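Here is a friendly tour of a structure, arranged so that you can follow along in your viewer. Have the sequence and the coordinates open, and we will go topic by topic.

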Amino acid sequence: MARPDALLVQTAPFENLLYSKNTHAASCIHRSLGSVTIPPPACMLRPLEAPLRYLFGPGPSNVPPRVLAAGGRPIIGHLHPEMYEIMNDIKKGIQYAFQTKNNMTIAMSGSGHTAMECAVFNTVEPGESVVVAVNGIWGERVAEIAERMGARVHRMVKAPGGYYSNEEIEQTLAKHKPVLFFLTHGESSAGLVHPVDGIGDICLRHNCLFLVDSVASLGGAPLFMDEQKIDILYTGSQKALNAPPGTAPISFNERACKKMFNRKTKPVSYLLDMTHLSNYWGCDGKTARIYHHTGPVSGFFSLRESLSILAEKGLENSWRQHKEVAEYLWKGLEDLGLKLFIKDKDLRLPCVTTISIPQGYNWRELLTYIMKHHQMEMTGGLGPSVGMVLRVGLMGYNCNKANADLALAALADALKVCPKSKA
Ligand code: PMP
């Protein structure tokens, strides 16, 4: 059913024009109105409906009211001086969250994949060698992105849950002499947090840039960009940072800047070209910022607010909270008779817990039941971990013991009610 007020708003300006004068412009509008053959869809005349849900999957997570309110503030121009101030604040917030002094620190207009592509497109040229650690879906994605832009990609493949010793990494770098080595810090498809210490030094020795994905771990597990000699680090807005999806912090150190600003070829993407983005974010030392693209103003407002919450709370407190709540959840899951997919506690990602699918159960049925009866999102595996795991994420705003209890109660109920032996 059409909402009468919505129709009024739609037609009023046109009617004023149509009946005012019989000018050429008016007759053009008349003709174009008369030529509409596809009517407004009925769904567009209904108000937006989005249910309230517990987002206890691998992301996005629930957004706190403060961050929602920031995103709901009136828009300003993306090139207004106040917006530059907000972008400068975001840059400082990211530097804190990443523990870096890198000047080349910005937020991408887009999701985590945008940052992934930005990192690869800007630092690698066609024909160059890249080594990618593939122990879940994210390495596979980066390998494909690098292949698409013409890199020679060498995959180090392990089953989900697998991880790499520094010796293995060093041997592979020595063999393939890459310009870039990629590792996922928080492998959300497997629930693994990968050790990072020492890998930056190995990359430095082999004249290779160290690229790390922290989309699912930033704010939830310790990571120190400068100290751990990570050359390029990116994350997403929608996990432990609790901003809406759609912006993605990224930072490049001096070594990465040297490589990306001394290329022989232009990056394949205009939108993701760091020459332009560094100017848009005021990182190139020039006084004038030139229009490149229209940034997501509301998304930046929200991101600033979420970085502000992290700064107030403190990174150490945030890491501690994720660890404590995760340990509480792990214990509760084991008490339910469930088996955790990552056996070694120190390698478990505190943000996203993976549970081996309990024997005899159909995992899709469990998740559908939990969504229907508890209004709660949990998910199955992703990519190579599909059919292996259930995933429960308690990140940032969602990360507390009360929510862990809700998740445990929902799982206990599903295990009791869903019939067994249908897998
Ligand atoms: N890397 C990791 C580790 C992730 O968990 C995700 C999102 N699930 C991404 C990259 C991609 O982020 P986005 O969906 O925001 O593009």
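This is a predicted model: local features need pLDDT of at least 70, side-chain atom pairs count only at pLDDT 80 or more; totals for chains, interfaces and linings use all residues.

Residues are numbered from 1 along each chain as its sequence is written, and side-chain values use heavy atoms, with hydrogens and water left out.

- Helices (H or I, at least four residues) and strands (E, at least two) are DSSP runs, numbered from the N terminus.
- The 17 residues of α11 reach 25 Å from the first C-alpha to the last, close to the 24 Å expected at 1.5 Å a residue; the expected span is 1.5 Å times one less than the number of residues.
- Among the buried residues of α11 are Val297, Phe300, Phe301, Leu303, Leu307 and Leu310, along with Glu305. Buried means under 20% relative accessible area, exposed over 50%, and partly exposed in between (1.4 Å probe, protein chains only).
- These buried residues of α11 pack against α3, α4, β2, β10, α10 and α12, where contact means heavy atoms within 4.5 Å.
- Helix α4 (residues 81-98) has 18 residues and spans 26 Å between its first and last C-alpha, close to the expected 26 Å.
- The buried set of α4 includes Met83, Tyr84, Ile86, Met87, Ile90, Ile94 and Phe98, and also Lys91 and Gln95.
- Cover for the buried residues of α4 includes β2 (104-109), β9 (232-234), β10 (247-252), α10 (274-280), α11 (297-313) and α12.

**Helix α13**

- The end C-alpha atoms of α13 (residues 363-374) are 16 Å apart, which agrees with the 16 Å that its 12 residues should span at 1.5 Å a residue.
- Trp363, Leu366, Leu367, Tyr369, Ile370 and His374 are buried in α13. Seen down the axis, the buried residues fall within an arc of 160 degrees, so they line one face of the helix; the arc is that of the directions from the helix axis to the C-beta atoms.
- Arg364, Thr368 and Lys372 are exposed on the other side of α13.
- Elements covering the buried residues of α13 include β1 (54-55), β12 (376-377), β13 (379-380), β14 (389-393) and α14 (401-417).
- At the N-terminal end, Asn362 caps α13, with a side-chain oxygen 2.9 Å from the backbone nitrogen of Arg364. A polar contact is a pair of N or O atoms within 3.5 Å; within protein, one must be able to donate a hydrogen and the other to accept it, and residues adjacent in sequence count only if both atoms are side-chain atoms.
- Just after α13, Gln375 has a positive phi of about 50 degrees.

**The ligand**

- Ser111, His113, Ser188, Asp213 and Lys239 come nearest of the 13 residues around the ligand, where a residue is near if one of its heavy atoms lies within 4 Å.
- Ser111 places a polar side-chain atom 2.6 Å from an oxygen atom of the ligand.
- Ser188 has a polar side-chain atom 2.6 Å from a ligand oxygen atom.
- An N or O atom in the side chain of Gln238 is 2.8 Å from an oxygen atom of the ligand.
- The protein covers 87% of the 390 Å² of accessible area that the ligand has on its own (Shrake-Rupley method with a 1.4 Å probe; for residues, only the protein chains shown count as cover).
- Helix α5 (residues 112-123) gives the most to the shell around the ligand, with three residues.

**Trp319**

- Trp319 lies in helix α12 (residues 315-335) and counts as buried at 11% relative accessibility.
- Trp319 and Ala221 are 98 residues apart along the chain, yet their C-alpha atoms are separated by 5.3 Å.
- A polar side-chain atom of Trp319 lies 3.4 Å from the backbone oxygen of Ala221.

**Loop residues**

- Asn62, in the loop between β1 and α3 (65-71), has a polar side-chain atom 2.9 Å from the backbone nitrogen of Leu55.
- A cis peptide bond, with omega about 0 degrees, joins Gly59 and Pro60.
- Asn242 has a positive phi near 60 degrees and is buried, with a relative accessible area of 5%.
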